[in-house]
Amino acid sequence: LLCWKNQSIRMLSDDSFEYTTFLGNKREYRFSDITGLKRSSDSMTLFVGSGKVHIETCAILTDKLVERIDRELDRIA
């Protein structure tokens, strides 16, 4: 779960997750659609298909979510 200004990531299954923006817009993504990760000093941007998921460095992420994202990033490396 990621929370910052109403943003959140919720794992729906081992294959997909739902991202909610701070404006309340929801979008479902598949982990297999992850294409990259860009790190900045204060945040990260996860590229998923044609979309982006913004993650603040102060966000709290579950180990299961991090492991699942890392698995996909390792796959495309």
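The model is predicted. Along the principal axes, the C-alpha atoms occupy a box of roughly 30 × 30 × 25 Å. Of the 77 residues, 36% count as buried, and carbon and sulfur atoms account for 48% of an accessible surface of about 5000 Å².

Charged side chains comprise 12 positive and 12 negative groups, and the centres of the two sets lie 5 Å apart. The salt bridges number five. In one of them, Arg-68 meets Asp-14 at 3.5 Å, N to O. Arg-68 belongs to helix H1 (residues 63-76) and Asp-14 to the loop between strand E1 (8-11) and strand E2 (16-20), so this pair ties together parts that are 54 residues apart in sequence. Arg-68 counts as buried, at 6% relative accessibility, whereas Asp-14 is partly exposed, at 38%.

Within helix H1, Arg-68 and Glu-72 are four residues apart, about one turn of the helix, and their side chains form a salt bridge at 2.9 Å, N to O. Glu-72 is buried, with a relative accessible area of 6%. The side chain of Glu-72 also meets that of Arg-75 in a salt bridge at 2.6 Å, N to O; these two residues of helix H1 are three residues apart. Through shared partners, salt bridges join Asp-14, Arg-68, Arg-71, Glu-72 and Arg-75 into one network.

Terms used:
Residues are numbered from 1 along each chain as its sequence is written. This is a predicted model: local features need pLDDT of at least 70, side-chain atom pairs count only at pLDDT 80 or more; totals for chains, interfaces and linings use all residues. Side-chain values use heavy atoms; hydrogens and water are left out. Buried means under 20% relative accessible area, exposed over 50%, partly exposed in between (1.4 Å probe, protein chains only). Accessible areas come from the Shrake-Rupley method with a 1.4 Å probe; for residues, only the protein chains shown count as cover. Lys and Arg count as positive and Asp and Glu as negative; His and the chain ends are not counted. The place of a charge is taken as NZ of Lys, CZ of Arg, CG of Asp or CD of Glu. A salt bridge is a side-chain nitrogen of Lys or Arg within 4 Å of a carboxyl oxygen of Asp or Glu.
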